[in-house]
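Here is a short report on one protein model. Keep the sequence and the 3D view open while reading.

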Amino acid sequence: MPSSTLTHCDSARPKRRFVATAVLAVAAVLFSLLSPAAADDRIYWTNADGSFDSIGYANLDGSGGGGEITSTGTTIFGPAGLTMDPGNNRIYWMNSFDQTVWGANLDGTGTPNQISTAGASTTGMAGLAIDTATGRLYWATTAAISYANIDGSGGGTLATGTAIFDRPAGVAIDVAFGRIYWTNLDGDGISYAALDGSGGGQLATTGATVGAPVGLAIDTAGGRIYWGNTSDDTIGSAL
């Protein structure tokens, strides 16, 4: 299957390798009820195979109608993060090979635009998540959580307190509790930070398997967070 949005790429483009399991398409929060302009429910995914980088989609009801989003005006170059704003009919992705962030209309109209990351760190970008309430895109780097405003006004770095960064590989936002979470692929842990900049720490995962985690999904109604373990191809969860 195509790679999930949470990927690890080697520095040489023809030799890129992806850390992913089948469950991570769900963990990357790709399912969304789209606006009427985009018609049916769809799943979106990134394709990063070294020769044909693109963002594909298909209807969830199996009726066909799949394809790729319009990429005219930009280069999709090692896409390794994907998030959606269905209320505004927008999709955003991160290019891992040039550390840039882009946005496009889900209905294929217009031209994709690059999102300004001025003031934010982009070193070793991993994952991408949106807080639609504040109009911010967030991602993890090798030592920080950074953000960019979707209006093009630049961004910054979020205070993360005592939270650990040990090869971050995925992010997810819990808007209800005002937190962003990320996996630590090498550290075998889940970290978090408050979106208001008041700091962060480590998620308590006692009793759950956390083995080289690379994907995150939040069930707000159920009050649980889920991740994929690449160490044994299982799903872990915690309150």
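## A bridge in a sheet

Tyrosine 57 has glycine 67, in β3, as its bridge partner. Strand β2 covers residues 54–59 and is joined to β3 by 2 bridges. The two strands run antiparallel. Two strands count as paired if DSSP finds at least two bridges between them.

The sheet is open and has 3 strands, in the order β1-β2-β3, with antiparallel pairing. Strands β1 (42–47) and β3 (67–68) stand at the edges with a single partner strand each, so one side of each has no neighbour in the sheet.

## The whole chain

The protein chain has 1 helix and 18 strands. These are DSSP runs numbered from the N terminus: helices are H or I, at least four residues, and strands are E, at least two.

Of its 239 residues, 52% are buried (under 20% relative accessible area; exposed is over 50%, partly exposed in between; 1.4 Å probe, protein chains only). The chain exposes about 10100 Å², and carbon and sulfur atoms supply 50% of that area. Areas come from the Shrake-Rupley method with a 1.4 Å probe; for residues, only the protein chains shown count as cover.

Take the contacts (heavy atoms within 4.5 Å) between residues at least 6 apart in sequence: 41% join residues at least 24 apart.

## Confidence and conventions

This is a predicted model: local features need pLDDT of at least 70, side-chain atom pairs need 80 or more, and totals for chains, interfaces and linings use all residues. Residues are numbered from 1 along each chain as its sequence is written, and side-chain values use heavy atoms, leaving out hydrogens and water.

Mean pLDDT (the predictor's confidence in each residue, from 0 to 100) is 82 for the protein chain, and 82% of its residues reach 70 or more. Over residues 1–39, pLDDT stays under 50. For this stretch the model has 107 contacts beyond four places in sequence.
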